Amino acid sequence: MVRPGEAQAIVAGTHGDPFAVLGVHREDEAIVARCYIPGAQDVAAFGLDGTPLGTLMPTGEGGLFAGPLKLVAPKPVRYHARNPDGDWWVDDPYAYGPVLGPLDDHYIGEGTHLRLFDKLGAHLLHHEGSEGMHFAVWAPNARRVSVVGPFNQWDGRRHVMRLRRDTGIWEIFIPGVGTGEAYKFEILANNGTPLPLKADPFAFHAELRPYTASLTTAPLAHEWGDHEHRGFWAKADARRQPISIYEVHAGSWRRGWQGEFLTWDELADQLIPYVVDLGFTHIELMPITEHPYDPSWGYQTTGMFAPTSRFGDGEGFARFVDGCHRAGIGVILDWVPAHFPVDAFGLEHFDGTALYEHADPRQGFHPDWNTAIYNFGRSEVSAFLVNSALYWTETFHLDGLRVDAVASMLYLDYSRKSGEWVPNAQGGRENVDAVAFLQRMNAAVYGANPGVMTIAEESTSWPGVSKPVHEGGLGFGFKWNMGFMHDTLAYLARDPVHRPWHHDELLFGLVYAFDENFVLPLSHDEVVHGKGTLLTKMAGTYWQKFANLRAYYGFMWGYPGKKLLFMGQEFAQAAEWSEARGLDWHLLDQPAHDGVRGLVRDLNRVYRKHPALHARDCEGEGFAWIVADDRDNAVFAWVRQAPSEAPVVVVTNFTPQVLTGYRITLPRAGTWCEILNTDAHVYGGSGVGNFGGIVAAEDGGAVITIPPLATIMFEHNT
């Protein structure tokens, strides 16, 4: 029976549990149906097979109808509604039982559910005899949550959801809703205040900005053909494999003829062959998770489970990843679990309370980016983020996650003055909840996906970033070596006449080079916001800038650590990067720029071909100094080596002088061959080198010529 006031609450949209009133119910010996259909004058009920079941009568409240049905037990029904303007059919969502079960409640309550992306959000499914869409969202402090969209004229009274009280999850199955439908959640805060319509935190697709609604999708149907690629990396030790990463902003690598974004299929046709030709092993995509603001480059994410609609849908992204894999290229996603934007349609005060973020701005507000910081200590929030990591690596077969802004997560006082932060329980500055989350995330990703790597953008001396969790580390596979980038760029910005007094800047990195598993990053951060480009950072004349850059690339590819280069820097782009336009591809018509690209191609080839240059990137046994103290000539030389492999000697001259008759001790007697010389004519250099590319060493000693502003690599001829 309907209690006093319930009918009015249904019509007003304030009833907290409409499933107790609407739908099909047994009352005494009768089966009774109640429905809310605004605008209807007459309503008749039918079975899903079309059998007439009875006529429902208006109850006196606008749009609310009730009446007995010719049924022996409750089951799903449909309603045929009419008014003077026409007639229409309505599927009754309140006649269907829940989709989630007790085990879901248990694991969600624990915060240990590792398949939340299969349960929350919007899922197309067959339920109790009908096709439709199941919606579920976490909003434990809301008074009422509804799904709204064109299918109900954005009327929050029509599809009020069922609350699972143990978990704070609201759910509803709506028969007849298909794919491609826009939707949001209409939420009343606990005090009854309507909140801005919220996008689905678990949405798999969203409208193209400036629109912000989530979109229903079908399950991913792509048939993968990357078994060989994934099988190789599942068995490989990534630390001992050549890894050379091409960092890409998908929206500005290249644009269409009218300045439009390329689709995933167009990127596959153009980007994959380009990367294969240059010899990179991986593409790292700057965040392609959905985001509302282009100049954020994707780092202010509102869709932790949705590939941005700028380039197409999830099927298109899957085809792109699969195409990369079939061509032997891995795909790494730049992933942002540190913070989220405070757009009204997003996670901020999602149910009227600080749900995903901290309530205290000293903990929950990021002063650098004006964003909200996730509450990593809340199990549901931690599970949300862990599930996002699992979703991308499992659903889209990604080879890795580069985790952004890890340093900002680890320290409670990051970018804060005294009094602007809250110490941990021990009075320290370490964010122990963030540490636990990162360990949990890494353990989950590595446990579920052999062959996947995680990479931390972490700029401090936090110990054990790339140490396994079971040994007390954070559990990342690799860490960005920000010190290498900073020190080397500072050194190369100096005129060569001053470099002898800054020799130690290039020595210091080897003090800690094997403390972590490092990636050497020359990333997008170095070519924006007035910083110029890698080319313009170099000291000297026009020719010397190119020579410095070529020498630097040779130095870096010979240095221990995996490699990362931002797009455009492979051909020495002269203008700063902008997300609003494509790269300056016309520069490749100029020999100097095309020469740098040719050098990068050959560096990747040499790096991949010679195990001495990569097989011990992360272990001290793979490196030994030969020349570390010749500061007057700005010469650096070392040997790279690996067990049972021919060693490679790397020699760099960071002055514009040709050094002839230079005596050097090589690790083996015999013949050594130049395998790369950054001063070669083909790269735009002066063509200085050793006669025939051959050097003879007796008792390890040799006399060599070192070109100006150049790096040369020698391999022992066995």
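Helices, of at least four residues, and strands, of at least two, are DSSP runs numbered from the N terminus.

**Figure 1. Overview of the predicted model.** The structure shown is a predicted model. Its secondary structure comprises 15 helices and 35 strands. Along the principal axes, the C-alpha atoms occupy a box of roughly 105 × 55 × 45 Å. The protein has 718 residues, of which 60% count as buried. Of the contacts between residues at least 6 apart in sequence, 71% link residues at least 24 apart. The protein carries 56 positive and 86 negative charges, whose mean positions lie 1 Å apart.

**Figure 2. Surroundings of Gly111.** Gly111 belongs to the loop that connects helix H2 (102–110) with strand S8 (121–127). Because its relative accessibility is 2%, Gly111 is classed as buried. Leaving aside residues up to four places away in sequence, Gly111 touches Ser379, Ala383 and Arg440. Between Gly111 and Ala383 the C-alpha to C-alpha distance is 5.5 Å, although 272 residues separate the two in sequence.

**Figure 3. The open sheet S10-S13-S14.** Three strands, in the order S10-S13-S14, make up an open sheet with antiparallel pairing. Strand S10 (144–148) and S14 are the edge strands, each pairing on one side only. Five bridges connect S10 and S13, again in the antiparallel sense. Within this view, Val148 is found opposite Lys184 in S13.

Figure 4. The protein contains 56 aromatic pairs, counted where ring centres lie within 6.5 Å. In one of them, the rings of Tyr183 and Phe185 have centres 6.0 Å apart and planes at 80 degrees, so the pair is edge-to-face; the cut-off for that class is over 60 degrees. Tyr183 is buried, with a relative accessible area of 1%, and Phe185 is likewise buried, at 0% relative accessibility. A further edge-to-face pair is formed by Phe202 and Phe384, with 5.3 Å from centre to centre and 80 degrees between the planes. Phe202 is located in the loop between strand S13 (182–188) and strand S14 (214–215), whereas Phe384 is in helix H7 (residues 379–395); the pair therefore ties together parts 182 residues apart in sequence. Phe202 has a relative accessible area of 5% and is therefore buried. Phe384, at 2% relative accessibility, also counts as buried.

**Figure 5. Strand S33 and its partner S32.** Strand S32 (residues 670–677) and S33 run antiparallel and are joined by four bridges. Cys673 stands opposite Ile694 of S33. In a regular strand, side chains alternate between the two faces of the sheet. Strand S33 (residues 694–697) has Val695 and Ala697 on its covered face, while Ile694 and Ala696 lie on the uncovered one.

Note on methods. Residues are numbered from 1 along each chain as its sequence is written. This is a predicted model: local features need pLDDT of at least 70, side-chain atom pairs count only at pLDDT 80 or more; totals for chains, interfaces and linings use all residues. Side-chain values use heavy atoms; hydrogens and water are left out. Buried means under 20% relative accessible area, exposed over 50%, partly exposed in between (1.4 Å probe, protein chains only). Two strands pair if DSSP finds at least two bridges between them. Contact means heavy atoms within 4.5 Å. Lys and Arg count as positive and Asp and Glu as negative; His and the chain ends are not counted. The place of a charge is taken as NZ of Lys, CZ of Arg, CG of Asp or CD of Glu. Rings of Phe, Tyr and Trp (its six-membered ring) pair if their centres lie within 6.5 Å; planes under 30 degrees apart count as stacked, over 60 as edge-to-face and the rest as tilted.
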